[in-house]
Amino acid sequence: RGDLVRVTCERRQRLRGREGSSEVRSAGMSPAGSSLGRARVASRGGRLRSILRNKVVASMAVLTLIIFALVVLERQLDTGRSMRTGAVSGFVAQGAAEEFVGGDASAEKSELDARAQRIADEPTEGRSTSLGLQENVTAAQRDPADRFGAECLRLMTRMNRSVDELIRAEEVQRETSRKSGRLALREANFIGAVVIPEYKLLMCSLPKNACSVLRMLMLRLREEPHAHWSANSSLPHPSREQIRSWNDRCQQKRAHVELRDLPAMEIERIAKDPSWLKVAFVRNPYTRILSAYLEKVKRGIISVGRATADSSFDFFVDELVARRSLNEHFRDQSDMCSFNYVSYDVIGKIETLRDDLRCVASALGFLDAIDGGWSKSYPAGRDALLEVSTSHETRASDRVREYYTDDIAAKVYRRFHADFEAFHYRPELPGTSEITQS
């Protein structure tokens with residue numbers, strides 16, 4: 001019995017030894033070197049941590065290179081834009097331009113810093129423009145009728161810049177400029193503003209404000225500078241192909257020199273140069289919104305929120321007033337044209353477009369470009385600019401009473417009251433006899 005017990009104990013010990021050996025081997029260690037195996041495992045974990053750390057460092061380096069490349073690319077694009085619009089600078093305040101020609105970068109930065117500080121320090125009351133660019137201009141120079149020798153300019157509308165929304169927007173711009181040391185230019189605010197350096201004219205034409213007609217005129221002024229056909233001139237009448245080209249290209253961005261494409265310094269020079277005439281054309285918000293609804297929404301071109309081609313005008317207005325961010329066909333006019341940055345000399349109105357446009361043309365000497373040269377079948381057909389028919393006409397001015405109720409009018413007035421106040425429009429619905437242009 002004693003031998004049996006001894007044999008059984010030895011067998012149990014051998015079995016235990018085999019189990020331990022198997023466990024050690026499964027962990028990559030020999031039975032005799034379990035401590036060495038644990039060291040190997042620890043070493044392998046250290047190598048993994050080192051590899052991960054190196055990968056993180058490499059990724060950060062690659063990300064840094066990408067950011068640097070993007071910064072360089074942005075600077076190159078800014079340089080290219082400045083080169084493309086360099087031709088304009090020859091027409092803009094040549095005396096001011098000479099200050100920077102051949103100057104070093106530090107001088108330019110100091111000048112910009114000084115101007116930005118003047119912007120921040122300028123008092124809120126009594127300022128003529130958010131840029132503070134006309135503080136040294138005399139009263140006679142400020143009046144465009146005296147500057148351009150055109151009394152009709154005295155009869156045109158002046159913008160009311162004391163509207164709360166405009167004041168707040170200017171204060172935000174001032175604070176941003178003060179912190180950054182440079183002019184803070186929000187590109188969306190510049191929609192519609194076009195530069196015509198051949199006539200030293202800054203004109204803003206917004207969508208649904210006779211935009212196609214005005215932009216055809218701008219294109220012609222750029223391509224036919226200072227020489228336009230008239231019945232008393234020896235110049236040939238513009239060809240059918242040329243007129244069609246103006247019509248086809250008038251809405252193309254690359255066909256115009258837009259203010260928002262110019263460097264900030266060029267914008268500042270144009271804004272403060274009294275030899276430039278700055279005019280913006282606006283429209284009664286009631287008829288503008290209705291025209292945008294009839295052309296863009298009802299024809300299925302643009303939807304506003306849930307308002308589509310099948311939506312009623314009432315539902316469309318509800319969707320419109322519920323939104324602050326809108327397409328430029330519906331957006332507040334006072335939030336475009338660079339009104340926050342440029343103090344426009346006069347405001348033209350679509351309701352008096354014929355008189356206002358002819359006044360501007362007579363002041364700058366391109367009246368012939370309005371009165372003739374627009375008939376594709378000359379000498380037959382209507383030859384004046386404002387007699388040209390476009391595909392954007394909706395006759396909204398004649399349909400105000402058809403679509404508006406007092407409740408809808410109240411909603412539109414509350415939503416666009418900044419436009420009503422800034423451009424001196426009455427809150428009452430206009431009568432069809434008061435409107436002369438759709």
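**Side-chain contacts in a predicted model**

V62 is placed in helix α2 (residues 34–84); helices (H or I, at least four residues) and strands (E, at least two) are DSSP runs, numbered from the N terminus. This is a predicted model, in which local features need pLDDT of at least 70 and side-chain atom pairs count only at pLDDT 80 or more, while totals for chains, interfaces and linings use all residues. Residues are numbered from 1 along each chain as its sequence is written, and side-chain values use heavy atoms, with hydrogens and water left out.

At 47% relative accessibility, V62 counts as partly exposed, a class between buried (under 20% relative accessible area) and exposed (over 50%), with a 1.4 Å probe and protein chains only. Together with I66, L70 and L73, V62 makes a nonpolar surface patch of about 360 Å². Patches consist of residues with over 30% relative accessible area and no salt bridge; like charges are joined within 9 Å, and nonpolar side chains (Val, Leu, Ile, Met, Phe, Trp, Tyr) within 5 Å. Accessible areas come from the Shrake-Rupley method with a 1.4 Å probe, and for residues only the protein chains shown count as cover.

Aromatic rings come next. Rings of Phe, Tyr and Trp (its six-membered ring) pair if their centres lie within 6.5 Å; planes under 30 degrees apart count as stacked, over 60 as edge-to-face and the rest as tilted. The count by this rule is 16 aromatic pairs. F313 is buried because its relative accessibility is 3%, and Y404 is buried at 6%. Both belong to a cluster linked by ring pairs, which also includes Y286 and F420.

Charged side chains form further contacts. A salt bridge is a side-chain nitrogen of Lys or Arg within 4 Å of a carboxyl oxygen of Asp or Glu, and the whole structure holds 23 of them. In one, the closest N and O atoms of R415 and D332 are 3.0 Å apart. R415 lies in helix α17 and D332 in the loop between α13 and β5, so the bridge ties together parts 83 residues apart in sequence. R415 is buried at 6% relative accessibility, and D332 is buried with a relative accessible area of 10%.
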